[in-house]
Amino acid sequence: MLKKKMLSRNSKGRFTTYGIVIAAWIIMEIFMRAGLMSSHLEGLLVPMTYYAIVAVALNLCVGILGELSLGHAGFMCVGAFSSALFSLVTDGVMPDGVRFLIALVIGVIVSAIVGFLIGIPVLRLNGDYLAIVTLAFGEIIKNIINAMYLGVDSKGVHISFESQMALNMEPEGKTLINGAMGVTGTPHDANFTIAVILLLLALVVVQNFIDSRDGRAVMSIRDNRIAAESIGIPVTKYKMLAFTISAAIAGMAGVIFSHNIATLQSTSQYFGYNVSIMILVYVVLGGIGSIRGSVIAAVILYLLPELLRGLNKYRMLIYSVVLIAVMIINWAPKAIEKRTAFFDSIRKGMKRNGTA
Amino acid sequence: MALLEVKDLGISFGGLQAVDNFNLSIEKGELYGLIGPNGAGKTTVFNLLTGVYKPTAGKVFLDGTDITGHRTEEINKDGIARTFQNIRLFQQLSVIDNVESALHSFEKYSTFEAMFHCGRYAGAEKKLREKALEILKVFDLDMMSEILSSNLPYGQQRKLEIARAMATEPKLLLLDEPAAGMNPNETAELMDTISLIRDKFDITILLIEHDMKLVSGICEKVTVLNFGKVLAEGETKKVLADPEVIRAYLGDDE
Ligand SMILES: Nc1ncnc2c1ncn2[C@@H]1O[C@H](COP(=O)(O)OP(=O)(O)OP(=O)(O)O)[C@@H](O)[C@H]1O
Ligand SMILES: [Mg+2]
């Protein structure tokens, strides 16, 4: 009896989220296979999914931990470049699947380490320092990589911040990062299905984390730091943990990014603070602390301006009207009531069909 | 040996000596009152005992161990738990999650198990939940376990704060004005609860209170604080009859 009750409490809503993602994936796949999807829209599917992943990661930081980050595009950047370098160097050395799996692990670990290092000085302070530090981090990392030349030859690794020539490589040496021209030739290992699988992984990790001893500790710190300390919760440790996981997941999105693009460049368009803020908009409009909301908001708000490109003049007008509509739908009490009822009925329907 | 032994404790904020030469000795099992006019330094004493403020002078011993200068979370592990004058619940967590947060150290499992709900997760969570419900039952809050804590009526929020503190199984419980803002009925009920937990959990309690009926009703001993200094201490009835104490409370200067 108790066990059943507990399951319904803890898993409430979680499986609905997975269901929505899987259903969306199936529908998209059917459209693609049937040739009903424009190549323009098809090209948007992977970016849409990795932005949803970063939104989930950022919501862990903003909504669950209660710390504002304006540098999640920076973690994406770190994950993208570290994994791309690995794939480039090992291209042809091992099977594609193995290579991508290792690249994934590398991207995740490197961005986790960077997140951890940023967290050490900032998260032990009490105050809103994280926003400004992550903002600076994102811009700095983007600019450093943009100015960097990196190559390998038989003598080892060469780095320069001047020019490709300054690398002084042997003729058969391989240029990995060519300054602002970026990284070319990263194997195209990621696709929509892989991106969706990784989105599901991010959802499992984050939603399970929230519903655990660790998640409760993190949320208690968010709600009242002094009270959390007074009941013996090591505050700095849990802030570091949540932030590091958030950075790692953003890095994972970066891995998909770099393995789905012909030329990987460290530009503002991809990794600037404007991207971080765009993701923050997804999180805020999807509902701070609502993981499912982040995914839905990311999908709608990413696709919309792209799909409206044909409408030229009216594009931004429609986009802003939709932003306002989403805000009302997500925050108005009546709308929340209706939405909850809607998802409850979906859940009941799923149960009846024996899928949940 | 007393459970809590405070020696010459002091702190100053800038020029203000908020607590000065404060001494206190509480025996195991006692229900002890800390009283005094507004701004006397009572809450500051609690903040010193729990490491929220670092004392500029003096020492604190709990059960014979020197805990002066320990961090707040360590002091909780040392055996002191508290409530706050301005309620500090985890407002966006449910009633039961407030208590489960406090059970943090009782059933452990790794972050990996937390992220994938595998291994020890299910067993530990089940135990945590049962234990939390048990605690809530003592405070008559078990019927409201799934409600958001901020939606509880005021009196029950105060009770939940006590429940949360008790969940850490402290040797010493500090209550900062537990009856503040309560009506006489709620206060009477609270007095019963406090006496009950003292007996049931075999715990020592130090409480700050302005309600003299509550203090004389349940505290065996009191210390009176005035302008950061101890004005009187001893058996509650005697201290409350002390003319100097009465004068301090009536605000009669000199
Ligand atoms: N962090 C602080 N910085 C500066 N002054 C402080 C600080 N904390 C407390 N004080 C001062 O110390 C004195 C004692 O305050 P405290 O809150 O301990 O009083 P109290 O006895 O709990 O009063 P009350 O009955 O109103 O709760 C007050 O003059 C207060 O302004
Ligand atoms: Mg006070």
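1. The magnesium ion (ligand 2) is held by two protein atoms, OG1 of B:Thr43 and OE1 of B:Gln85, at 1.9 to 2.0 Å. Donors are N, O and S atoms within 2.8 Å of the metal (3.2 Å for Na, K and Ca), and because water is not among the atoms, sites may look incomplete. B:Thr43 belongs to helix H1 (residues 42–49) of chain B, whereas B:Gln85 sits in the loop between strand E6 (80–82) and helix H3 (95–102) of chain B; the two are 42 residues apart. Helices (H or I, at least four residues) and strands (E, at least two) are DSSP runs, numbered from the N terminus.

2. The model is predicted: local features need pLDDT of at least 70, side-chain atom pairs count only at pLDDT 80 or more, and totals for chains, interfaces and linings use all residues. Residues are numbered from 1 along each chain as its sequence is written, chains are lettered from A and ligands numbered from 1 in the order in which they are written, and side-chain values use heavy atoms, with hydrogens and water left out.

3. Strand E3 (residues 31–35) of chain B is mostly covered, five of its five residues being buried. In a regular strand, side chains alternate between the two faces of the sheet. On one side of E3(B) lie B:Leu31, B:Gly33 and B:Ile35, and on the other B:Tyr32 and B:Leu34, all of them buried.

4. Which strands pair with E3(B)? Strand E8 (residues 204–208) of chain B runs parallel to E3(B) and is joined to it by four bridges, with B:Tyr32 opposite B:Leu206. Strand E9 (residues 221–226) of chain B also pairs with E3(B) in the parallel sense, over four bridges, and there B:Thr223 is the bridge partner of B:Leu34. Pairing requires at least two DSSP bridges between two strands.

5. In chain A, one aromatic cluster is formed by A:Tyr50, A:Tyr51, A:Phe81, A:Phe257, A:Tyr270, A:Phe271 and A:Tyr302. Both A:Phe257 and A:Phe271 are buried.

Conventions: Buried means under 20% relative accessible area, exposed over 50%, partly exposed in between (1.4 Å probe, protein chains only). Rings of Phe, Tyr and Trp (its six-membered ring) pair if their centres lie within 6.5 Å; planes under 30 degrees apart count as stacked, over 60 as edge-to-face and the rest as tilted.
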